[in-house]
Amino acid sequence: MKRWIAMLLLLSCLLTLLPSAMITASAATTERSKGGKLIALTFDDGPSQYTKTLLDGLAARGAKATFFIVGQNAEYYPETVRRIFNEGHQVAQHSYTHASLTGLGTGGILTELNRTDEVLTKCLGMQSSFILRPPYGACNDSVLATIGRPAIIWSLDTEDWKYRNSATVCSNIVNNAKDGDIILCHDIHQTTIPGALAAIDKLQAQGYEFVTINELYRRRGVSLVNGKSYYSCRPNGYDSGAAMVPEVTTEPIYGGVKVTLTAGEGAKIYYSTNGLEPLKNGKLYSGPFELTEGTTLRAFSFYNLNGDRSKELKKEMPLEPENMPEIQVIDNCFTFTNLAEGLDIRYTTDGSEPGANASTYEAPIPCYNGVLKYRMCGLGVGTKTKTFYVSARGNLFIDVPTTEWFFDSMDQAVSAGLFNGTAQYVYEPQTSMTRAMFVTTLYRMMDGKSFTENAKKLTFTDVEKDSWYEKAVFWAAENGIVNGYEDGSFRPNLKINREEMCVMLDRLFSLMHLKESVTELKFADNSRISEWAAENVKHMVAAGIILGNDKNCFEPQKSATRAEVATVLVRTLKFIEASEEPETPSEPEELPEPEAPTEPSDSEIITPPDAFEP
Ligand code: ZN
């Protein structure tokens, strides 16, 4: 029996020796066998109002730290907790109320820890594990048996809470720090922050690296064990190195590139290709993937997301060619020009994404009502998709979707030359119209009808000389379309409202000697129509130019959007056209074919039920 016991003892000795023997073996195979000088700075009891300054200082120095956070403080500073995590520091816990755990039973300890875990998880918006520093360093076997995680104590106490002096904090660190120390500080004292940062500067100059607890132990080949306490991690001749920023290699394929990401041994990679933060929106890399449009690749490698990860890689993938083709309408066809040699245009006309199998542009595309999407493809090239809403009349829109109730009105108004875009192919249909814009559209509608030199005498105090709307205002003033305000102003940038629009349009009707009829107004909000506008509104309603909304309200003081104005002007144009028709009855062959489909009547212009219909 004694021999068996001796054998067992020998075996257990060998087993105890095994981990360090393995570490030595790994060390022999790594180039970093000597390792860097590492220190884990730790900050307890926060976050506080001073933590942000500390984080700024750590970021400026590329130093990482570990924050042992008190749960109830995290509830006051959730943004700061998020920032600690996002900037690559380690979020750890320090109980919920800063209770001495040795004075609590199992239930009490678990309540303190679980509440803090919950708060920190909520702050981070993701699941993680949080190592513990017991408040006051108070720890015993029953605490260790309960906590279910490693307990991290310290090897160097700055006693910052006692001295409250930056210079003392700094010298306590610099004079005593040794490789592998875990240093205790508190980020609830203002004096600690400059003291700790100054110490970092001095020790970095001596070749020290500031790392999180997780990185310190991982690099020295030590796995933290639940229920054990740790004071320091002295050099043992082994350093597996910091998590390396992932490396990207690309291989050109048709319409894009194939991307391969590599990281250090044992590290995983998180990445995103939508430009968003990879920590929250990323995917775990599992092998090469294809990128088929120009984008920003963001990635980092990690051994532990909370406290042991690399800096982020951010790279614009070089897929965009130097020259994108231009699109124009030529002979009622959508035509691409400025085509790059060796690259294809892939396009669709049904709203689907133009993938590598989509049609290749070979000839101009006859105009149609719908969506035109296209992108450039080539070996190693794949651009973002461009989307245009297009019309059979030969218009291109970026912001006037074919599915909107105002598409047809905007399309007609643009074809009639009433609207210029605010940028190329941009028409801002939902933007309110100003008085200057409205007068300009009326002026364009009356093209060829000009003003005399006398008009220039009818100046308003606030019409800017040589402005884009100046001529329109001259014309409108001379023809009595606008009178301006009593103070001599025109107020060009004021939004035009619906009753003002009626007044100006009615004056235009008079100017053109169009037939005018009057109708009794039956709107629910008749009483809100201003007295000076009532007659004009009656004329415009009788002519069918302006209607109430689905609640039978006229909304006289509501400002009009560009889309609404387009609808009103298109009706006006039709009214003018209809008024002119009887004057040319002598040439019947020029009248439209009776069976030809007519333009949709006003009642067919579809409006969503809650939308305002002019
Ligand atoms: Zn504490």
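This note goes through a predicted model, point by point.

1. Basis. Residues are numbered from 1 along each chain as its sequence is written, and side-chain values use heavy atoms, with hydrogens and water left out. Because the model is predicted, local features need pLDDT of at least 70 and side-chain atom pairs count only at pLDDT 80 or more, while totals for chains, interfaces and linings use all residues.

2. Overall make-up. The protein has 17 helices and 25 strands; helices (H or I, at least four residues) and strands (E, at least two) are DSSP runs, numbered from the N terminus. Of its 614 residues, 47% count as buried. Buried means under 20% relative accessible area, exposed over 50%, and partly exposed in between, with a 1.4 Å probe and protein chains only. Among contacts between residues at least 6 apart in sequence, 68% join residues at least 24 apart; a contact means heavy atoms within 4.5 Å.

3. Zinc site. The protein donors of the zinc ion are D45 (OD), H94 (NE2) and H98 (NE2), at 2.1 to 2.2 Å from the ion. Donors are N, O and S atoms within 2.8 Å of the metal (3.2 Å for Na, K and Ca); water is not among the atoms, so sites may look incomplete. The spacing of the donor residues in sequence is D-x48-H-x3-H. D45 lies in the loop between β1 (37-44) and α2 (51-61), and H98 in the loop between β3 (90-93) and α5 (106-124), so this pair ties together parts 53 residues apart in sequence. Both D45 and H98 are buried.

4. Helix α12. This helix spans residues 407-415 and is mostly covered, with seven of its nine residues buried. The buried residues are F407, S409, M410, D411, Q412, A413 and V414. They pack against β24 (386-390), β25 (396-397) and α17 (562-580). S409 counts as buried because its relative accessibility is 2%. S409 and V570 are 161 residues apart in sequence, yet their C-alpha atoms are 6.3 Å apart in space. Just after α12, G417 takes a positive phi of about 80°.

5. Nonpolar cores. A nonpolar core is a set of buried Ala, Val, Leu, Ile, Met, Phe, Trp, Tyr and Cys residues joined through side-chain atoms within 4.5 Å. The largest has 56 residues, of which F419, F438, L442, V482, M501 and L505 touch the most other members. At least two residues of this core come from each of α12, α13 (435-445), α14 (470-478), α15 (498-511), α16 (534-542) and α17. Leaving aside residues up to four places away in sequence, V482 touches V439, F460, A476, A477, F490, M504 and R507. A second, separate core of 44 residues includes F67, F85, I183 and L305.

6. Aromatic pairs. The whole structure holds 22 aromatic pairs. Rings of Phe, Tyr and Trp (its six-membered ring) pair if their centres lie within 6.5 Å; planes under 30 degrees apart count as stacked, over 60 as edge-to-face and the rest as tilted. The rings of Y270 and F302 have centres 5.5 Å apart and planes at 85°, so the pair is edge-to-face. Y270 is in strand β11 (residues 268-272) and F302 in strand β14 (residues 296-304), 32 residues apart, and both are buried. For F509 and F575 the centres are 5.0 Å apart and the planes at 35°, so that pair is tilted. This second pair links helix α15 to helix α17, across 66 residues; F509 is buried, with a relative accessible area of 1%. Elsewhere, ring pairs link F336, Y347, Y361, Y374, F388 and Y425 into a cluster.

7. Charges over rings. A charge sits over a ring if NZ of Lys or CZ of Arg is within 6 Å of the ring centre and within 35 degrees of the ring normal. K37 lies over the face of Y208, 4.5 Å from the ring centre. R309 lies over the face of F85, at 5.1 Å from the ring centre.

8. Strand β18. Four of the five residues of β18 (residues 333-337) are buried. This strand and β17 (residues 326-330) pair in the antiparallel sense over five bridges; two strands pair if DSSP finds at least two bridges between them. E326 stands opposite T337. The two strands form a hairpin with two residues between them, and D331 in the turn has a positive phi of about 50°. Two bridges also join β18 to strand β21 (residues 365-366), again antiparallel, with C333 opposite P366.
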